[in-house]
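Trainee: Please take a close look at the nonpolar core of this model, and then at the aromatic pairs and loops around it.

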Amino acid sequence: MPTTRVRSQTLYVPAYSHIYVRNAQRSMNLATTLSIRNTSQDVPLTLSTIDYYDSQGELVRAYLDTTRALGPLASTYVVVDTDDIRGGVGANFILRWHAERPISPPVVETVMITGANTQGISFRSTARVLREERVSTDTLGHRSDADL
């Protein structure tokens, strides 16, 4: 299998500020953690956008006002508090990152959790690639660049 290295990505990450229980009139609020993990052992990546959108696609909050470097094997996170239900059941993050040279893509996911009364619920959602600039290296060492 070819090894894919990526220079940049735009990612869509599903999130849920609350979920419905039994019917649409009863819901449980969730705390959401967006986790971003640089998997490169020697190259930093730069985060340029972490935006949080609601179920209607409206921007709720921009989490970055300037770019942020994430060192090799470093991680960072964003937390949406349990009481902040502005995102709704169709909330999502749009995240953009880039690196100076191609790297293995970061691991980006959301973890939602609640502990209401005696019941606890937790689950995660993984990022989906909307756009990327990648470099594939085949087994013979040939490179091909593609902007998807």
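Mentor: The largest nonpolar core of this predicted model has 23 residues. Those with the most contacts inside the core are Leu34, Ile36, Ile50, Tyr52, Phe93, Leu95 and Trp97. At least two core residues come from each of the strands β1 (3-14), β4, β5, β8 (75-80) and β9 (92-103). Strand β9 gives the most, with 5 residues.

Ile36 shows how one of these residues is placed. Setting aside neighbours within four places in sequence, Ile36 is in contact with Leu47, Ile50, Leu70, Ala74, Ser75, Thr76, Leu95, Val107 and Val108. Ile50 and Leu95 are also among the residues with the most contacts inside the core.

Next, the aromatic rings. The model has 3 aromatic pairs. Tyr16 and Phe123 form an edge-to-face pair, with 5.4 Å from centre to centre and 65 degrees between the planes. Tyr16 sits in the loop between β1 and β2, and Phe123 in strand β11 (residues 119-126), so this pair ties together parts that are 107 residues apart in sequence. Tyr16 has 26% relative accessibility and therefore counts as partly exposed; Phe123, at 26%, also counts as partly exposed.

The pair of Tyr52 and Phe93 is tilted, because the ring centres are 4.8 Å apart and the planes stand at 35 degrees. Tyr52 belongs to strand β5 and Phe93 to strand β9, so parts 41 residues apart in sequence are tied together by this pair. Tyr52 is buried, at 0% relative accessibility, and Phe93 is buried at 0% as well. Together with Tyr63, these two residues form one aromatic cluster.

Asn38 lies in the loop between β4 (31-37) and β5 (45-53). With 3% relative accessibility, Asn38 counts as buried because the cut-off is under 20%. A polar atom of the Asn38 side chain lies 3.0 Å from the backbone oxygen of Gly71. Beyond neighbours within four places in sequence, the contacts of Asn38 include Leu70, Gly71, Pro72, Leu73 and Ala74, and also Ile103 and Pro106. Leu70 and Ala74 are contacts of Ile36 too.

Arg86 is in the loop between β8 and β9. Its relative accessible area is 52%, so Arg86 is exposed. The side chains of Arg86 and Asp84 are joined by a polar contact of 2.9 Å. Apart from neighbours within four places in sequence, Arg86 is in contact with Ser17, Asp54 and Val60. Arg86 and Tyr53 are 8.8 Å apart, C-alpha to C-alpha, and 33 residues apart in sequence.

Strands β2 (residues 18-21) and β3 (residues 23-29) run antiparallel and are joined by 4 bridges. His18 has Asn29 of β3 as its bridge partner. The hairpin has 1 residue between these strands, and Arg22 takes a positive phi near 70 degrees there.

A last point is confidence. The chain has an average pLDDT of 89, and 88% of the residues score at least 70. Over residues 144-148, however, the pLDDT is below 50, although this stretch has 15 contacts in the model beyond near neighbours in sequence. Where pLDDT is low, predicted coordinates should not be read in detail.

How values were computed. Residues numbered from 1 in each chain as written. Predicted model: local features only at pLDDT ≥ 70, side-chain atom pairs only at ≥ 80, totals over all residues. Heavy atoms only, no water. Buried < 20%, exposed > 50% of the residue type's maximum accessible area, 1.4 Å probe, protein only. Polar contact = N/O pair within 3.5 Å; in protein donor to acceptor, adjacent residues only side chain to side chain. Contact = heavy atoms within 4.5 Å. pLDDT = per-residue confidence, 0-100. Core = buried A, V, L, I, M, F, W, Y, C linked by side-chain atoms within 4.5 Å. Pairing = 2+ DSSP bridges. Phe/Tyr/Trp six-rings, centres within 6.5 Å; stacked < 30°, edge-to-face > 60°.
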